[in-house]
Amino acid sequence: MPNWCVNKLILTSEDPEKILEVLEFIQKDKDNDSETGIGTIDFKKLVPEPDCQTDAFDYRNWPISYWSKKWNASNCRYDSKNNSILFDTAWLPPCPLINVLSGRFPEVIFTLKYAVSAIWLAGKCEFEKGEMVVDDSYDVSVRKYDQAGKIFEELLGFDILDSNEGKDGKNVR
């Protein structure tokens, strides 16, 4: 069983039509979990699986090699007001795939925030025109008073400062 990474992809553009183009391109058309339509993300649209019928093709490891993920995005939730999609991935954020997406849609800025509670990891990446221009990741156990704590609270819904430890690092209970 994986550690789940909660991701928030924020789309920014001066032209709202460009954002709609991205949303239509990445949406799942069909899925076993009936999670389809605008606001979903299908990694197969970003880097399609090959149509290969040979025994030599390794369907089991192909997604890891080409998506850096074993499974597709899941549990997608769309916020049309903020042009963002909240979704889950196994283990870590799909930064390489978002970079591919940014190269395909150069008029849109892609900001990816992520949090993995099991390993106290949070971060933010930004992609423009096929380039990662921001790559900030944080060990939340060390940097909980700054951006890391804010990302954890935003994505996971809890304030890590509301714990047994005070701001001075001493146990308060």
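In the hairpin of β4 and β5, which has 4 residues between the strands, W120 takes a positive phi near 55 degrees. Helices (H or I, at least four residues) and strands (E, at least two) are DSSP runs, numbered from the N terminus. This is a predicted model, in which local features need pLDDT of at least 70 and side-chain atom pairs count only at pLDDT 80 or more, while totals for chains, interfaces and linings use all residues. Residues are numbered from 1 along each chain as its sequence is written, and side-chain values use heavy atoms, with hydrogens and water left out.

**Overall make-up**

- The protein has 5 helices and 6 strands, and from the N terminus on the elements run β-α-α-α-β-β-α-β-β-β-α.
- Of the 173 residues of the protein, 40% count as buried; buried means under 20% relative accessible area, exposed over 50%, and partly exposed in between (1.4 Å probe, protein chains only).
- The protein exposes about 10000 Å², of which carbon and sulfur atoms supply 47%; accessible areas come from the Shrake-Rupley method with a 1.4 Å probe, and for residues only the protein chains shown count as cover.
- Among contacts in the protein with a separation of 6 or more, 53% are between residues 24 or more positions apart, where contact means heavy atoms within 4.5 Å.

**The sheet**

- The strands form an open sheet of 6 strands in the order β2-β3-β1-β4-β5-β6, with antiparallel pairing; two strands pair if DSSP finds at least two bridges between them.
- The edge strands are β2 (74-79) and β6, each of which pairs on one side only.
- From one strand to the next, the twist averages 15 degrees; axes are lines fitted to C-alpha atoms, for helices over the stretch in contact, and angles run from 0 to 180 degrees between N-to-C directions.

**Strand β5 and its partners**

- Strand β5 (residues 121-128) is mostly covered, with 6 of its 8 residues buried.
- Strand β4 (residues 109-116) runs antiparallel to β5 and is joined to β5 by 8 bridges; T111 stands opposite E126 in β5.
- Strand β6 (residues 131-139) is also antiparallel to β5, and 8 bridges join the two.
- L121 stands opposite D139 in β6, and the bridge partner of E128 in β6 is E131.
- The hairpin of β5 and β6 has 2 residues between the strands, and there K129 takes a positive phi near 50 degrees.

**Helices on the sheet**

- Helix α1 (residues 16-26) lies across β1 (4-12), β2, β3 (84-90) and β4, and runs at about 145 degrees to β1.
- Helix α4 (residues 95-104) packs on the sheet and touches β1, β4, β5 and β6, its direction making about 20 degrees with that of β5.
- In α1, the residues I19, V22, L23, F25 and I26 are buried.
- These residues are on the same side of α1 because they cover an arc of only 165 degrees around the axis; the arc is that of the directions from the helix axis to the C-beta atoms.
- The cover over the buried residues of α1 includes β1, α2 (43-46), β2, β3, α4 and β4.
- D15 caps the N-terminal end of α1, with a side-chain oxygen 3.0 Å from the backbone nitrogen of E17.

**Two buried lysines**

- K8 has its place in strand β1 and is buried, with a relative accessible area of 19%.
- The side chains of K8 and E154 are joined by a polar contact of 2.8 Å; a polar contact is a pair of N or O atoms within 3.5 Å, and within protein one must be able to donate a hydrogen and the other to accept it, while residues adjacent in sequence count only if both atoms are side-chain atoms.
- Leaving aside neighbours within four places in sequence, K8 is in contact with S84, I85, L86, T111, L112, K113, E154 and L155.
- K8 and K113 are 105 residues apart along the chain, yet 5.1 Å separates their C-alpha atoms.
- K28 lies in the loop between α1 and α2 and counts as buried at 3% relative accessibility.
- A polar atom of the K28 side chain lies 2.6 Å from the backbone oxygen of A73.
- Not counting residues up to four places away in sequence, K28 touches E35, T36, G37, T40, I41, D42, N72, A73 and S74.
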